[in-house]
Amino acid sequence: MNAREAILELDNLTLGYDRHPAVHHLRCSIAPGALVAIVGPNGAGKSTLFKALTGELPPLQGQFRVHAGKGGIAYLPQQSELDRSFPVSVFDMVSMGLWREIGAFRGLKRSQAERVRAALAAVGLSGFEARQIGTLSGGQLQRARFARMMLQDANLLLLDEPFNAIDARTIEDLVALILQWHAEGRTILAVLHDLTLVQRHFPECLLLARECLGFGPTAEILTPERLATARRLAGEFDATAPVCHRPEAEAA
Ligand SMILES: Nc1ncnc2c1ncn2[C@@H]1O[C@H](COP(=O)(O)OP(=O)(O)OP(=O)(O)O)[C@@H](O)[C@H]1O
């Protein structure tokens with residue numbers, strides 16, 4: 001793909017911690033409007049890639065370019081207990097999705113409050129506005145996090161294991177939202193472990209196992225052979241190795 005057409009380009013990107021690569025020599029171009037599942041065994045480097053794309057982790061080598069326009073990137077990290085520990089209502093938590101518009105400490109205009117209520121309705125949480133987030137079930141909290149993300153109105157959405165420990169009904173509803181965002185022309189990258197779900201709903205797939213084992217149409221990438229290679233490579237990887245140089249990757 002012409003580099004200028006891509007919304008995201010990984011250019012011989014190596015990422016790691018304390019100078020030791022965790023995932024290396026990633027190269028691919030993601031087209032605007034793509035719906036991509038990121039798949040790979042535990043420790044493959046999936047979350048590490050998202051940390052880099054959000055600026056949390058500087059590359060050890062290579063670079064990436066994001067052309068997400070005015071809407072920018074929205075990032076949904078894996079759910080953690082920290083999410084519940086803030087003494088905040090569902091309405092206030094979801095309204096934080098508007099922080100770019102309103103700043104941290106200013107009140108909401110009536111139209112903005114309406115948008116918060118509409119986002120809550122879209123995720124099936126009407127009536128939960130005043131509830132403290134610590135009282136929500138895992139599925140309800142994930143719905144609220146999706147509503148917050150919806151309000152960010154981003155062009156590039158990164159979702160890290162959005163369905164981990166989530167009930168089937170909620171997964172169904174949240175997949176429908178993802179497909180709606182895709183239909184609106186947004187670009188979506190989601191780390192997923194459920195390959196059936198990936199095959200059913202995600203047209204493209206990036207298979208990671210400390211390196212890129214394939215990027216393209218899901219049916220071509222998720223073959224039994226490639227998945228077996230992914231498991232083997234992830235198991236064999238030496239996490240203490242230094243940064244390596246691959247002339248072909250650097251020259252390409
Ligand atoms: N803060 C950190 N410091 C040192 N090493 C880390 C850190 N975070 C992740 N790693 C290591 O980087 C490698 C890739 O981890 P990463 O979390 O990206 O994998 P993942 O593909 O998201 O795995 P999972 O499916 O288990 O969430 C692992 O070996 C992990 O131990």
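Which helix gives the most to the shell around the ligand? The views below take this up, starting with the ligand itself. The model is predicted, so local features need pLDDT of at least 70 and side-chain atom pairs count only at pLDDT 80 or more, while totals for chains, interfaces and linings use all residues. Residues are numbered from 1 along each chain as its sequence is written.

**View 1. The shell around the ligand.** Helix α1 (residues 46-53) gives the most, with three residues. Helices here are DSSP runs of H or I with at least four residues, numbered from the N terminus. The residues around the ligand include Lys 46, Ser 47 and Thr 48, along with Tyr 17, Asn 42 and Ala 239; a residue belongs here if its C-beta atom, placed from the backbone, lies within 6 Å of the molecule. By type, the shell divides into four nonpolar, six polar and one charged residue, with Tyr and Ala counted as nonpolar, Lys as charged and Gly as polar.

**View 2. Helix α1 and what follows.** Next comes Gly 55, with a positive phi near 90 degrees.

**View 3. The loop at Gly 134.** Gly 134 sits between α5 (110-122) and α6 (138-152). Gly 134 counts as partly exposed because it has 13 C-beta neighbours inside 10 Å. Not counting residues up to four places away in sequence, Gly 134 touches Arg 84 and Ser 85, where contact means C-beta atoms, placed from the backbone, within 7 Å. The C-alpha atoms of Gly 134 and Arg 84 are 4.6 Å apart, although 50 residues separate them along the chain.

Definitions and conventions
Helix = DSSP H or I, 4+ residues; strand = E, 2+ residues; numbered from the N terminus. Buried ≥ 20, exposed ≤ 12 C-beta atoms within 10 Å, placed from the backbone. Contact = placed C-beta atoms within 7 Å.
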